[in-house]
Amino acid sequence: MHVYSDPASQHHVNELAGVESPERFPAALAGVDRAEQSGVPVEWRPCSLADEDTLAAVHDPAYLDHLREMSAAGGGYLSLDTAVGSGSWEAASFASGAACSALESSIAGETAFAIARPPGHHAGEDYGMGFCLTNHAAVAAGHALSRGLNRVAILDWDVHHGNGTQDIFYADASVLYLSVHQSPFYPGTGEAGEVGEGEGIGFTANVPLPVGSGEDLYAAAFAGVFLPVLREFGPGVILVSAGFDAHVDDLLGGMDLGSDSFGRFAALISDLSSELGATPPAFVLEGGYNLDALTESVAATMQGVGERAPSWEYSGGVRQVERSREALAPFWRSLR
Ligand SMILES: [Zn+2]
């Protein structure tokens, strides 16, 4: 597995959000070490800055200018929880670059993980919020389209809904966005009825789950919604917005997953990618705020790739999953 990282990740300091700390970066890298020690073949790779054109494929150039200038001037605030410092522009650009490099590895036939911060999935076309400045998974999806892939899926298992990613591709049929998240919760979006608009209608799939949900409900979301829709969509690549704040020990999330759950999710997505003839998955770090849980969960995700996928089946009867299936059924035969 190729792992992309850069020390710039430690140079972004968001003093408004203590939990999204520079220490998250070495904690996540420790997870890679742990996976490597357990026998996962790891190739550490440097990454480069995402260039302006690549960022501008999904972000408004005026927003990028604003962010760069704010960072160069020493910093400022995008919202109540999202500070920008002098190292933030570089950190965000490297994080988006890492996601693009992970996508390149995927195209070359290798599973990859972009380990960087700050996270990205709350950042939209012309806004940053929720600790996020640029949207790495979205930038990588845009990069994938420019590299000739026709259909891209982004699967987001961070405990928060990725409102930024959803917004960017809401009217776009070439990028399928799938999210399972805690609800009601920050940022307040991601209802089952949010399914896209215009040409993109049907290409956003949300499964909001109640606080305290464990692997059984996640398994129902995967088997009841994500797997059938992904099989029918037939993506060229599956990008994973891999947040680990649905871990039971997380400081922000209220879910009940163990580290091993993320390994099973990774096994499932890796297995599905092969089945569909897609390139191997590219994982992009999002949230995860308990440092020990972050280390363990990164390791479990990497160990899960290539392992036997769990044979989850959906037999009905889960209210939250039923709502999402009903909302999406007009657009996907497999859900009717
Ligand atoms: Zn999160």
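These legends describe close-up views of several helices and one loop in a predicted model. Residues are numbered from 1 along each chain as its sequence is written. In this predicted model, local features need pLDDT of at least 70 and side-chain atom pairs count only at pLDDT 80 or more, while totals for chains, interfaces and linings use all residues.

View 1. Helix α3 spans residues 61-72; helices (H or I, at least four residues) and strands (E, at least two) are DSSP runs, numbered from the N terminus. Its 12 residues reach 16 Å from first C-alpha to last, close to the 16 Å expected at 1.5 Å a residue (1.5 Å times one less than the number of residues). Tyr63, Leu67, Met70 and Ser71 are buried (20 or more other C-beta atoms within 10 Å of the residue's own; exposed means 12 or fewer, partly exposed in between, with C-beta atoms placed from the backbone). Seen down the axis of α3, these buried residues fall within an arc of 100 degrees, so they line one face of the helix; the arc is that of the directions from the helix axis to the C-beta atoms. Turned away from the buried side are the exposed residues Pro61, Ala62, Asp65, Glu69 and Ala72.

**View 2. The cover over α3.** Elements covering the buried residues of α3 include β3 (75-79), β4 (82-85) and α4 (88-107). Contact here means C-beta atoms, placed from the backbone, within 7 Å. Just after α3, Gly74 has a positive phi of about 105 degrees.

**View 3. Helices α8 and α9 packed together.** Helix α8 (residues 259-276) packs on helix α9 (residues 291-304) at about 30 degrees, with axes 7 Å apart. Axes are lines fitted to C-alpha atoms, for helices over the stretch in contact, and angles run from 0 to 180 degrees between N-to-C directions. The angle makes α8 roughly parallel to α9 (under 35 degrees). Residues of α8 at the contact include Phe262, Gly263 and Arg264, and those of α9 include Glu296, Ala300 and Thr301.

**View 4. Ser315 in its loop.** Ser315 sits in the loop between α9 and α10 (319-328). Ser315 is exposed, with 8 other C-beta atoms within 10 Å. From Ser315 to Leu276 is 23 Å, C-alpha to C-alpha, and 39 residues in sequence.

**View 5. The buried face of α10.** Gln320, Val321, Ser324, Arg325, Ala327 and Leu328 are the buried residues of α10. Down the axis of α10 they fall within an arc of 165 degrees, so they line one face of the helix. They pack against β8 (204-209) and α7 (215-233).

Terms used:
Contact = placed C-beta atoms within 7 Å. Parallel < 35°, antiparallel > 145°, perpendicular 65-115°, else oblique.
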